[in-house]
Amino acid sequence: MPTLFSRIINKEIPATIVYQDEQVTAFKDINPAAPIHILIVPNVEIASTNDVQPDQEQMLGHLFTVAKQVAQEQGIAATGYRLIINNGSDAGQEVFHLHMHLVGGRKLGPMLMKKD
Ligand code: AMP
């Protein structure tokens with residue numbers, strides 16, 4: 001069964017796609033955590049970082065090139081942004097189709113909440 005993000009990539013369910021090529025799709029997060037919150041997703045289904053294969057290195061590196069381009073287009077390249085990949089339950093991964101969050105447009109605060 002296709003993942004939620006595959007259905008967005010294949011235009012079966014709506015999303016605001018800001019970039020797409022043969023390897024990668026970028027679209028606006030439906031529940032943004034910052035003024036700019038874009039998800040950058042491989043078009044092929046990879047459940048999580050744990051499932052990455054060596055022959056996917058080029059394609060996964062391309063996520064960064066797309067992140068740079070989208071950040072420029074969204075006007076946050078100079079002010080800064082954060083790239084986040086959640087992996088597994090401790091990280092709060094909700095959608096098991098590997099994706100990079102691109103967030104920015106405000107001061108993002110500390111990287112992690114510190115807890116005892
Ligand atoms: P993660 O917790 O890293 O798996 O992130 C999943 C992200 O997908 C969350 O930030 C959600 O807000 C986002 N999301 C869930 N459903 C949709 C959707 N239909 N369109 C866009 N973003 C979505």
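Modeller: Let's start with the ligand in this predicted model: one of its oxygen atoms is 2.8 Å from an N or O atom in the side chain of His 99.

Biologist: What makes that pair a polar contact?

Modeller: A polar contact is a pair of N or O atoms within 3.5 Å.

Biologist: Which backbone atoms lie 3.0 Å or 3.1 Å from the ligand?

Modeller: A backbone N or O atom of Gly 92 is 3.0 Å from a ligand oxygen, and a polar backbone atom of Ile 30 is 3.1 Å from a ligand nitrogen. The protein covers 86% of the 500 Å² of accessible area that the ligand has on its own.

Biologist: Where does the ligand sit?

Modeller: In the largest pocket. Around the ligand there are 16 residues, and Asp 29, Asn 86, Glu 94, His 99 and His 101 come nearest. Helix H1 gives the largest share of this shell, three residues. By type, the shell holds seven nonpolar, six polar and three charged residues.

Biologist: How many aromatic pairs are there?

Modeller: The count is one.

Biologist: Why are Phe 5 and Phe 27 called a pair, and what is their arrangement?

Modeller: Ring centres must lie within 6.5 Å, and planes over 60 degrees apart count as edge-to-face. Here the centres are 5.3 Å apart and the planes are at 70 degrees, so the two rings form an edge-to-face pair. Phe 5 is in helix H1 and Phe 27 in strand S2, 22 residues apart, and the pair links these distant parts of the chain.

How values were computed
Residues numbered from 1 in each chain as written. Predicted model: local features only at pLDDT ≥ 70, side-chain atom pairs only at ≥ 80, totals over all residues. Heavy atoms only, no water. Near = heavy atom within 4 Å. Polar contact = N/O pair within 3.5 Å; in protein donor to acceptor, adjacent residues only side chain to side chain. Areas by Shrake-Rupley, 256 points an atom, 1.4 Å probe, with all protein chains shown as cover. 1 Å grid on protein atoms, 1.4 Å probe; cavity = no way out; pocket = protein on both sides within 12 Å on 5 of 7 lines; lining within 4 Å. Sits in = over half its atoms within 2 Å of the grid points. Helix = DSSP H or I, 4+ residues; strand = E, 2+ residues; numbered from the N terminus. Nonpolar A, V, L, I, M, F, W, Y, C, P; charged D, E, K, R; others polar. Phe/Tyr/Trp six-rings, centres within 6.5 Å; stacked < 30°, edge-to-face > 60°.
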